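These are my notebook entries on one protein structure.

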Amino acid sequence: MDYKSLSQEQIQHFLDYGFIHLEGCFDPEFAKKSTSAAFDRLGYREDDPATWEQPIVHMPADSYVDVKEFAPKAYDAICDLLGGEDRVKTPVRWGDGYIINFKLGADRDWMAPSPEAGGWHKDGDFFWHFLDSPEQGLLVIVVWRDIAPKGGGTFLACDSVKPIAEYLNENRQGLHPFEGGFGNFITECTDFREVTAKVGDVIVMHPYTLHASSQNHSGKARFITNPPVALKEPMNFNRDDPADYSPVELAVLNALGVDRLDYQLEGERRRFDAKAYREARAREAKARESTT
Ligand SMILES: [Fe+2]
């Protein structure tokens, strides 16, 4: 496969570790303005951590940028990893629905990335998961402010693609986004990393990568977004010409130890209403509280 922007070394890094860290992908001034506005939207004062009421906030998006224009280096890398722009559901857009880790776990001792740190999951709460799911072709971390060590940078398990690929291949009926049990496979992983980054960096990861929120001991608010990139068609593990496999598909085939795979769905591909699911669980928890 010919790549538009990524070097062979970068592709190999993605195949070996499931991610690529791209530096300086967009204008830091834009990020500064937009993240400062987020404090106003929340009614928090940027210069006064005492006003940061919640430890972590998931904001709704108010406005969007077109990634092809806004961050062409990241856009080209995304296209390369998914097998070319033709296979990507466009436009690829990033919103300002920031995930702001103000001080998560700041009151507890620091835990390094490990199975014990907890919270490990596979992204994609809006669809049933199959080996070839097109809804989330890549997992992306867009870094809107610098992330220092112990500053809330996402924890990654860089050897999680293999156990997740095997699990999805064995469960062709499809897996529930919340109850699929993906996070349990963290005990099979040993290569743990903590993301540290500069504003404007973008980390592009294999969609099977297990990851977790981390504590923020830095005293600085950590701003990221996690926009999924969708494929037009499901992944294909049985292409006529092996040169046509995308790096994301190749990583799956490598993980399964095969050159090709005749993957047939044994369940129905469908969307999942994560909001309704979360609300139902919250109601159940409340009901349990009131009966005890
Ligand atoms: Fe996540």
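What percentage of the 292 residues in the protein do buried residues make up? I found that buried residues account for 51% of them; buried means under 20% relative accessible area, exposed over 50% and partly exposed in between, with a 1.4 Å probe and protein chains only.

I noted that this is a predicted model, in which local features need pLDDT of at least 70, side-chain atom pairs count only at pLDDT 80 or more, and totals for chains, interfaces and linings use all residues. Residues are numbered from 1 along each chain as its sequence is written, and side-chain values use heavy atoms, with hydrogens and water left out.

I then looked up the overall form. The protein has 7 helices and 11 strands (DSSP runs, H or I of at least four residues for helices and E of at least two for strands, numbered from the N terminus). Along the principal axes, the C-alpha trace spans about 60 × 50 × 35 Å.

Next I turned to the cores. A nonpolar core is a set of buried Ala, Val, Leu, Ile, Met, Phe, Trp, Tyr and Cys residues joined through side-chain atoms within 4.5 Å. The largest holds 74 residues, and Phe26, Trp94, Leu131, Leu138 and Tyr208 touch the most other members. Helix α4 (residues 72-82) gives the most to this core, with 7 residues. Another core, of 13 residues, lies apart from it and includes Ile141 and Leu156.
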